[in-house]
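This short report goes with the sequence and structure shown below. Please look at them before reading on.

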Amino acid sequence: MDLSFGQEYEEFRAEVRQFVEDNRDKQPKARDYRSEDAVAWQKKLIENGYTLRTIPKEYGGLGAEPDIIKSRIIAEEFGRAQMHTGLAGQGISMLTPILLEMGTEEQRQEFIRPTIVGEMDWCQGYSEPGSGSDLASLSTRAELDGDEWVINGQKIWTSGAHRADWIFCLVRTEPEARKHHGISFLLFKMDTPGIEVRPLVDMTMTPNFNEVFFTDVRVPKHQIVGKRGEGWQVANALLGFERGSLAPPDAAQSRLNALIKIMHQETINGERLIDNPLFRERLMKIQGRVMAMSYNDMRLLSARINKNQDTKLAAMVVKLQGTELRHELEGLAIDVMGEIGLSFGDNPYVRDAGTWQFQYMYYLGLIIGGGTNQIQRNIISERGLGMPREPRAKVK
Amino acid sequence: MEFGLSEEQTLLQDSINRYLSEELPLDQVRKIATGDVPDSSVWQGLTELGIPGLLIPEAQGGVGLGYLDAAIVSESLGYHVTPGPFLASAIIAPVALNLAGGQEALLSSIADGSRRVGIAFGEAVGARADAGFTVADGKISGKSLFALDSNADDYLVADADCNLYLVSAADVKRTNLSTVDMTRSTCELVYDNAEATLVSRDVNVFIEALDAGRTMQAADTLGAAQSMLDQAVAYSMQREQFDRLIASFQAVKHMCADMVANLEPCRAMVWYAGHALDELPDEKRLMACHTKAHLQEVGQQVAKTSTEVHGGMGFTDLVGLHYWFKRIGANRQLLGSPEMLREEAARIQGFAA
């Protein structure tokens, strides 16, 4: 057990800390993805190697060697100072790694640079009304007509479709093949004729995602990642990327600290919330669970660095445990505040800008999204414990 | 940066696991639990592996290892529901005696297996109306309940002020107290003006010994719960109903997945708690409280769920799953319940008076 990162890395930490100190007032005020100062900030972070470090120089990155510890130190120092860590849309976090892995040289040249600096915004066209957990059953069709794909069908839960420039989209191109083998991964512009975007308001009353309808949408033949029928492998690589990042323990720790602060500041009937033994008991219970997930995360980090322990199960449980834990943590903050905990929107008594109710609902969304937690349990039991799949039952 | 077990630690755990798999099949656990064979039979073997002296300095014939090493041994002992006085005689008593100083001879006897030291911490951890004692002029009179180890040669007794005394088993009236956990014994000690040798007046000695004990109980539960999970999965892969392995039912799979989801992060937590006792003085108290509390909640969930996966067989004595169930239950109650430990965790952080 050695929890230090060593001298070289402590020097790196000092550099990051200095950068954070020098640029505290230069970070973008608004979190708006498309704002000019967000793009300028993103470029500055890339130049200094504080985001997307490993993207090769020829595609607009720094071309640094992968270094898990440096990435961790950057995350820690930016997190400590609550600094804007740069843009993290689906184009950056999901499409870029897949293009690096499976895209053609032309695709990398065309898309990666504008995507990572925030000039090209993407949405992800995966789920459909009839294909949620069973994503591979998707039925949006793309048929080749000369040099163009002609796309017809519908996507749903498409985050950011209303502002995206482009979409990466799963479509069925080989209707005769078995379901996992008939899918292709296409890229196309959102202003292509035949695309209609309808906002879908979620329970937080935010239009976070959309329905997207395709009617005879014509897309150049070469805008495909991987070969015809290989889209499922491409998509699975991306989903693996998404799941690990849905419930980071660092964020849970910082929300726990905010909750502890509230419980020290707020009073009900003249009693501080932290002095109520029932609330305190619930807080301590959650704290124990947050700690377990934090140490689990340290173990996963170590395993990625040293490659000397089997952490398959430890990694598989992060989405399931982390989302449930956050939902409960946010819910506890609401409970302890009583009526004030109900506040939302423009209520003048709202605490922390309404984030407690928002995150309470948002994490319920994440319990369902990114592969429902029931699907996670199937994955843990089948791929983690080697238990057999449930036999199929047909609709009568 | 290395968050995990060293090669030596992995080898240590492997060798203990190998020994226990060979020497301690369930039949042997049963014989000891029902009193047909004394628990000294296992303790003798573990002594040859150096277990009683794990934390005792080499100068006193011990192995001089650290708390994280001891935690992974404790995990293995829990996995195999190993009978014997590990918690009291290999952890709590040696930690206290070593910190207190002047107990080299007794430490040597513990390390070579010739003496077992039990503990009676009830007055300091959770005093009860039906027990209690007074110490004056080196003599103790009164009663302790749920002292650990009914076969110890000496008892390390803590009073309400966390002072520690040594009392010889030969000087007390000892009655075994049966509990559900038949793998480890507890007893009532009645003192009638018995010799009580002061060991320590330093509350920190008591606290470190208690924290070490609680961390080892958490590790023991980690091992016992892991075994129950493994047994549940193995059983579900053999048992057929409705012409299917029950492992193919989502209801069963999801029960197993929930056990994994709760238990797997506990491994890192126990490692960190052991490491904190070794290296992080500012964190060790909080870790000991939270780790024992959290492990007991998870342990209870796993114990119940694994039994359910086994169906009716889980409820029988035939399968013997109850030895693990009860072991986890005992770890929960002894030396502080989860609620009590969480309140202590709140106090350590200044959240409670």
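How are H8(B) and H9(B) oriented to each other?

## Two helices of chain B

Helix H8 of chain B covers residues 203-236 and helix H9 of chain B covers residues 250-279; they pack at about 155°, with axes 9 Å apart. H8(B) and H9(B) are therefore roughly antiparallel to each other (an angle over 145 degrees). Helices are DSSP runs of H or I of at least four residues, numbered from the N terminus. Axes are lines fitted to C-alpha atoms over the stretch in contact, and angles between N-to-C directions run from 0 to 180 degrees.

The contact (heavy atoms within 4.5 Å) includes B:Ala218, B:Leu222 and B:Leu229 of H8(B), and B:Val260, B:Leu263 and B:Glu264 of H9(B).

## Chain A against chain B

In chain A, 48 residues are in contact with 45 residues of chain B. The two chains bury about 4,100 Å² between them, 64% of it on carbon and sulfur atoms. Buried area is the accessible area (1.4 Å probe) lost when two parts are put together, summed over both.

Six salt bridges are found by the rule across this interface (a side-chain nitrogen of Lys or Arg within 4 Å of a carboxyl oxygen of Asp or Glu). B:Glu264 forms a salt bridge with A:Arg299, with the closest N and O atoms 2.8 Å apart.

## Basis of the values

This is a predicted model: local features need pLDDT of at least 70, side-chain atom pairs count only at pLDDT 80 or more, and totals for chains, interfaces and linings use all residues. Residues are numbered from 1 along each chain as its sequence is written, chains are lettered from A and ligands numbered from 1 in the order in which they are written, and side-chain values use heavy atoms, leaving out hydrogens and water.

Conventions
Angles under 35 degrees count as roughly parallel, over 145 as roughly antiparallel, 65 to 115 as roughly perpendicular and the rest as oblique.
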